[in-house]
Structure formats: structure tokens, C-alpha cells
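Trainee: Before the discussion begins, may the sequence and the model be placed in view?

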Number of protein chains: 2
Amino acid sequence: MELYVNHPKHYVAVDCVIFGYQDDQLKLLLYPRGFEPSKGNWSLPGGFIQNDESSDEAAARILKQTTGLEEIFMEQVQVFSKPDRDPEARVISLAYYALIRIDLYDEEILKKTGAEWYPINNLPTLLFDHKDMVDKALSRLQQKAGYSLIGSELLPEMFTLIQLRKVYDAIFMREFDPGNFRKKILSLGVLERLDLKNASESKKGAFYYKVKNNVDETGKDRIVKL
Amino acid sequence: MELYVNHPKHYVAVDCVIFGYQDDQLKLLLYPRGFEPSKGNWSLPGGFIQNDESSDEAAARILKQTTGLEEIFMEQVQVFSKPDRDPEARVISLAYYALIRIDLYDEEILKKTGAEWYPINNLPTLLFDHKDMVDKALSRLQQKAGYSLIGSELLPEMFTLIQLRKVYDAIFMREFDPGNFRKKILSLGVLERLDLKNASESKKGAFYYKVKNNVDETGKDRIVKL
DNA sequence: ACAAAAGTGTTTAGATTACACCCATGA
DNA sequence: TCATGGGTGTAATCTAAACACTTTTGT
């Protein structure tokens, strides 16, 4: 049919805000841009949506290519579409964010591509409107983390409540009260305590927990008052 | 530069979930689809993003075309991009939602196009994935209305607290306690009471209120516990 | 024994909820 | 005056926040 034929087509890109957690800090995976325009700026990993894939699939593909990881939590942020946002061509871009475990990240890729993990509080100048994408992605992450334990995606399968609290400290850029945080999280009923302690970070040792299977964490109680 | 040239281009559409409020109900503006495929289904008003406009501008343009209204509250919902969502061609669609006053809506347009206002609880079969768009838009609206007085966009500039409560009843599909709702809303400090009463809906008459100018309503207190 | 981190308990302030009650007015 | 919605007040409950206290263990 000829219905659509009078309308323009556009390049549609996906850019990924990839969050990791290391050294008590929330970090972002960035790539050096090796060509003009804007050579020298850092950029979010991205790519173009192909004919046979949805945007979710494109985002997963790009994440796989840039980190080696699959089956990762990802979520749409929003579309960035100012006609001149990329001076080279009209590109409509859809931002995603992902939460990954830096300890699973393939170090080889870092070396090959020159990618780096930057602390969220100390980012270099970013390409185009990528800083806006990061800001929006962070506020989405905060929102989501406010009513689910999504922050645990940044940690290994087993983690202590202290580790989890520090992740939340990093995500919300504030310090949660240890006692209150523990009580609040446990009251959600989505964590399972293991018969195993982490002895490496203290003398007494802290119990490991893991997220219960088959638990729909969202829609339950609020973790952080927003 | 030839960097992008190997990648496919796509039609990018904007579809608008247009909410209105009438007869104590939340309603949706729908268009009859007059041609195949899916002739007879109802559809959200939509259009294609042009070369010189952002998606926000496209959404505003489409809203203007279909309702005659300008400067309306609109917000991105999300992208729908399954490769086969439109059987006719690969179309990536970005859903928006808007809140308009039905009383300002141009009746002429209804007659010309066959458009109709449908109660949100009693929708006909919708085109493609438009039902998903509506569901997602509604939950975004609820979320936003949960921490701002955005619901007042559905009412005239002056409204009584009873009218506002009924709008919130419709948005959240539950009944708020009259006394508690009133206290909560007033405690936000974003409404200004006028020296004017609405005598048409009761003997005693209820004071009109309006949203204060220059007040950033968001980020304040929560209205509805989610 | 004691320092240091893990974990528990207590107290207070504030918010939410349910619901009783008073007020103003037209018929 | 009385029925009807508009508007206020209050007690019971729940939650968040601050912070003191107890437990465990390596040195």
C-alpha cells in the first residue's frame, strides 16, 4: 500500500546508559569517540535499529556487543529527537538503561575498545545530548529503585544487607540509616537469608541474602520516600 | 559523511492517547479507521514525524490537527517497535499522552472525522497495539497524578475541590475520602481559593479554586500513596 | 578485654485512615 | 425546618526517622 510513502524515514538509534557498581560508587560505561565530529568526547554505547528487530532487541544486542552480557535488566528511558541533535544526520535516538555486575564484565573488551568506567559524579564531557540521557536514566533508576529491589541487579546473586545499603546510598546519593534500611528491606519479604556469612568485611561476619525466586517485587511497599 | 549509510531508515510515528473528563468519567478520543488493514477498528490519533520536527513537536502538531487545541500538557509514554506491529510496513511508534478539557474541544472536528469520546472503562477494539499504548499511558498518568495536581488539566481554570476529587476518582478508579482528599490537596499549598462559589451543584455552593501561578507542583508531597 | 562491625530495640514525630460532626442554603 | 451537599475535627493506626543498645569475633 502507498499510504505511508509520502512520509520521511529516519535513522533510529539506541543508546545505552550502562550502570555498574564498584568501590561504593555508581559507575557508567563510556566509549571514547575516535572520529569526527566531536572526536575526543565520550559517548554512550549505541547502535542503529535494524529492520528485523524491536528496540528492546536492539538494546540487548548492543549490550551484548559492548559488554559480553546477556539477559540483563534493561528499560526504556525516552526518545531524544531534536532534528539537529546529531550534526551529521537526522538521527532519532532511544535511550535505555541497564544494570550490570562489573565483576562479570569482560575486561578484554575494555582493552580492545578503550572503554572506561566513570563514576557517575565525575563524568567527562559527553557527546551530543548524551548527558541528558544519563540524567534522565538516573532519575528513572532512582524512581524504579524506590519501589523495588532492582538495585540488587548491580550485586552478585548473594549479597549482604550492608552491601545492598551501600548500593542504595550510591543510587540515591545519600546515606541510609543502617538499622532502618535493614528493617525496611526485610519487611518487604522478598529476600531470603542464606546460612552463609561474608567474613571478609568484618570480624563478626554478615549473613548473605538473595532475592527470593518467583517474587514480583514491584507494586509492593515503597522503599524510599520520594 | 558515510558513517550511517549502511543502516536502515524507518517510518517513525507518534500516536496520542488523549484523555478528557466528562460525566464523572475519564474518556479517550478515538478515530474510526476507514481503510484496510483493520478497517472498522478504532485508532489513536497519530501521524509521522517529519524531517524538521522533534517528536514533541510532532505530537503537538497532531494534537492541534485532531482537537484544535494548543499548549496542552503532553508527555512521552514509550516506544512501541515490534517489527510486525503494523502489518503494512515497518513503523516505529512513539506514544504520547495528553490531558485536555473536553469543553474546549472543537465539536466540528468530531462531526467531520467521526471521532468519538469513549469511557476508559468501555473501550472498543483498538488498532494494532494501541490498547497497550492506552494501558501504559494510563499508568503513567496515574503515576504523575500521584505526586502532582496534573489532574486539574482536565478541568476548567476554576474548579471546586469536589470536582477535582471526582477527577482523581476517575483517574485512579477508586473513591477518595472527601475530607481527607480536601485536607491533603490543600496542604500542598498549590491551590488558591477564589472569592467565588459554584452554586450550580449544591445549595450551599462550593468555593472555586485555581492552581497558583509560578508554583512548581512536582517534587512536593505525594498525593496518593502508590 | 576491647575495637569494630553486625544486628536489634525503643522512642518520637508525622502521615494516613475512618468516620463523626457542624454549616449554609434553597425548597 | 429539613434534606443535601460542603466543609471541619478527632481518635486510632501506621510509618519514618533518629539513635541507643546488644551481639559476635579477631586480634
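Predicted model: local features only at pLDDT ≥ 70, side-chain atom pairs only at ≥ 80, totals over all residues.

Mentor: Residues are numbered from 1 along each chain as its sequence is written, chains are lettered from A and ligands numbered from 1 in the order in which they are written, and side-chain values use heavy atoms, with hydrogens and water left out.

Trainee: How many helices and strands does chain A have?

Mentor: Helices (H or I, at least four residues) and strands (E, at least two) are DSSP runs, numbered from the N terminus. The C-alpha atoms of the chain fill a box of roughly 65 × 40 × 30 Å along the principal axes. By that assignment, chain A has five helices and ten strands.

Trainee: What percentage of the residues in chain A is buried?

Mentor: Buried means under 20% relative accessible area, exposed over 50%, and partly exposed in between (1.4 Å probe, protein chains only). Among contacts (heavy atoms within 4.5 Å) in chain A between residues at least 6 apart in sequence, 66% join residues at least 24 apart. Of the 226 residues in chain A, the buried share is 53%.

Trainee: What rotation superposes chain A on chain B?

Mentor: Copies are superposed by least squares on the C-alpha atoms of residues with pLDDT of at least 70 in both. The shift along the axis is 0.0 Å and the RMSD is 0.0 Å, for a rotation of 180°. The two copies are therefore related as by a two-fold rotation axis. The same surface serves both copies, since the contact residues of chain A recur in chain B to the extent of 100%, and the rotation asked for is 180°.

Trainee: Is His10(A) buried or exposed?

Mentor: His10(A) lies in the segment before strand E1 (11-22) of chain A. Beyond four places in sequence, its contacts include Arg90(A) and Ile92(A) as well as Pro8(B), His10(B) and Ile49(B). With a relative accessibility of 1%, His10(A) is classed as buried.

Trainee: Which residues of chain B does Leu63(B) touch, beyond four places in sequence?

Mentor: Leu63(B) is found in helix H1 (residues 55-67) of chain B. At 2% relative accessibility, this residue counts as buried. Its contacts are Ile18(B), Gly68(B), Leu69(B), Ile72(B), Met74(B), Ala98(B) and Ile100(B).

Trainee: Which backbone nitrogen lies 3.2 Å from a polar side-chain atom of Thr113(B)?

Mentor: Thr113(B) is placed in helix H2 (residues 107-113) of chain B and is partly exposed, with a relative accessible area of 34%. Leaving aside neighbours within four places in sequence, Thr113(B) is in contact with Tyr31(B) and Pro32(B). The backbone nitrogen in question is that of Ala115(B).

Trainee: Which residue has a polar backbone atom 3.0 Å from a phosphate oxygen of DNA strand C?

Mentor: A residue is near a strand if one of its heavy atoms lies within 4 Å of it, and 16 residues surround DNA strand C. Sugar and phosphate account for 58% of the atoms of DNA strand C that come within 4 Å of the protein. The backbone atom near the phosphate oxygen belongs to Phe207(A).

Trainee: Which side chain has an N or O atom 2.9 Å from a base oxygen of DNA strand D?

Mentor: Of the atoms of DNA strand D within 4 Å of the protein, 55% belong to sugar or phosphate and the rest to bases. Lys183(B) has a side-chain N or O atom 3.0 Å from a base oxygen, and a polar side-chain atom of Lys203(B) is 3.4 Å from a sugar or linking oxygen. The distance of 2.9 Å belongs to Lys204(A).

Note on methods:
Polar contact = N/O pair within 3.5 Å; in protein donor to acceptor, adjacent residues only side chain to side chain.
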